[in-house]
Each structure stands twice: as C-alpha cells, then as structure tokens.
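Biologist: I would like to learn how to read a protein model. Can we go through one together, feature by feature?

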Amino acid sequence: VQLVESGGGLVQAGGSLKLSCAISGSTFGINAMGWYRQAPGKQRELVATITSGGDITNYADSVKGRFTISRDNAKNTVYLQMNSLKPDDTAVYYCNLAARTAARTVKTYWGQGTQVTVSS
C-alpha cells in the first residue's frame with residue numbers, strides 16, 4: 001500500500017489550500033483515513049479523520065470550522081480542504097490509512113508528507 005500526498009505549498013494567512021492523498025495497493029478493507037501534521041520541534045498531531053464510508057469525521061479543535069476532510073472512493077483519494085489558514089498551521093502534513101490485514105489485524109500506513117507553510 002502506498003500513499004502519495006500533494007497540494008502543499010506556501011500561502012499567506014487567510015488563504016486556502018487543498019491537500020490530496022492518493023492510495024494505491026490492496027488491503028482487506030479500510031477502517032479509516034486521516035491527516036496528521038508535525039511542526040518543527042513538536043510531536044505529530046491529528047488534524048482530521050474520516051471513516052471508510054465517509055459518514056463520520058473527526059477534527060482537532062484547532063481546525064474545526066476551517067478544515068474539511070473528504071474522500072472519493074472511486075478515485076481512492078482523500079482530501080483536506082484548508083481555509084482561513086494561520087501561521088500556526090505551518091507543518092508537514094501526513095496522510096494516514098488504517099487498513100485491515102489478512103490476519104484480521106489493523107495496520108497503519110503513512111505517506112511521505114507534504115509541506116504547508118503559512119506566512120503572516
């Protein structure tokens with residue numbers, strides 16, 4: 001399984017970016033997908049998650065009302081629409097996938113990350 005993020009970049013405060021994560025490879029089913037971020041000198045933190053059916057989403061308090069996670073099952077892609085960006089949103093953003101294995105366990109996959117920089 002491979003996850004490839006795209007869409008990061010440099011944006012001014014108040015601007016918007018849309019991240020994409022394309023998933024390739026096969027699993028025995030997907031439990032959930034999500035976006036995490038890691039700023040310099042800080043631990044990786046959850047940004048948003050979405051269930052396989054796309055019906056349940058979860059957001060960090062710091063991004064509620066500004067970010068929206070969505071998925072397109074036909075394209076095997078998950079998105080993160082980021083609006084009203086703040087300098088504190090500057091970080092490397094990672095795509096995450098929790099998938100079931102043949103042994104009925106859950107394995108976590110990560111993308112390589114995409115840099116988001118918000119200037120003040």
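This is a predicted model: local features need pLDDT of at least 70, side-chain atom pairs count only at pLDDT 80 or more; totals for chains, interfaces and linings use all residues.

Biologist: How many helices and how many strands does the chain have?

Modeller: Helices (H or I, at least four residues) and strands (E, at least two) are DSSP runs, numbered from the N terminus. The chain has 0 helices and 11 strands.

Biologist: How does the radius of gyration of the chain relate to that of a compact globule?

Modeller: The radius of gyration is taken over C-alpha atoms, and the globule rule is 2.2 Å times the number of residues to the power 0.38. For 120 residues the rule gives a value near 14 Å, and the chain agrees with it at 14 Å. Along the principal axes, the C-alpha atoms fill a box of roughly 50 × 30 × 25 Å.

Biologist: What share of the residues counts as buried?

Modeller: Buried means under 20% relative accessible area, exposed over 50%, and partly exposed in between, with a 1.4 Å probe and protein chains only. Of the 120 residues here, 39% are buried.

Biologist: What share of the contacts joins residues at least 24 apart?

Modeller: A contact means heavy atoms within 4.5 Å. Taking contacts between residues at least 6 apart in sequence, 54% join residues at least 24 apart.

Biologist: Which residues are joined by a disulfide?

Modeller: A disulfide is a pair of cysteine sulfur atoms within 2.5 Å. The structure has 1 disulfide, and it joins Cys 21 to Cys 95 with an S to S distance of 2.1 Å. Cys 21 sits in strand 3 (residues 17–24) and Cys 95 in strand 9, so the bond links distant parts of the chain, 74 residues apart. Both cysteines are buried.

Biologist: Why is this disulfide called left-handed?

Modeller: The torsion about the S-S bond of Cys 21 and Cys 95 is about -90 degrees, and therefore the disulfide is left-handed.

Biologist: How many salt bridges are there?

Modeller: A salt bridge is a side-chain nitrogen of Lys or Arg within 4 Å of a carboxyl oxygen of Asp or Glu. By this rule there are 4 salt bridges. One of them pairs Asp 61 with Lys 64, with the closest N and O atoms 3.1 Å apart. Asp 61 is exposed, at 65% relative accessibility.

Biologist: Which residues are linked in a network of salt bridges?

Modeller: The network links Arg 37, Glu 45, Arg 66 and Asp 89. Arg 37 meets Glu 45 at 2.7 Å, N to O, and Asp 89 at 3.0 Å between the closest N and O atoms. Arg 37 lies in strand 4 (residues 30–38) and Asp 89 in the loop between strand 8 (77–82) and strand 9 (91–100), so this pair ties together parts that are 52 residues apart in sequence.

Biologist: Are the members Arg 37, Asp 89 and Glu 45 buried, partly exposed or exposed?

Modeller: Arg 37 is buried, with a relative accessible area of 6%, and Asp 89 is buried at 2%. Glu 45 is partly exposed, at 36%.

Biologist: What does a positive phi tell me to look at?

Modeller: Most residues other than glycine have a negative phi. Asn 76 has a phi near 50 degrees, which is positive, and is found in the loop between strand 7 (67–72) and strand 8. Arg 104 has a phi near 65 degrees; this residue lies in the loop between strand 9 and strand 10 (106–110). Asn 76 is partly exposed, at 42% relative accessibility, whereas Arg 104 is exposed, at 81%.

Biologist: What does Thr 77 touch?

Modeller: Thr 77 is in strand 8 and is buried, at 10% relative accessible area. Leaving aside neighbours within four places in sequence, Thr 77 is in contact with several residues, among them Ser 20, Cys 21 and Ala 22. A polar atom of the Thr 77 side chain lies 2.9 Å from the backbone oxygen of Lys 75.

Terms used
Residues are numbered from 1 along each chain as its sequence is written. Side-chain values use heavy atoms; hydrogens and water are left out. A polar contact is a pair of N or O atoms within 3.5 Å; within protein, one must be able to donate a hydrogen and the other to accept it, and residues adjacent in sequence count only if both atoms are side-chain atoms.
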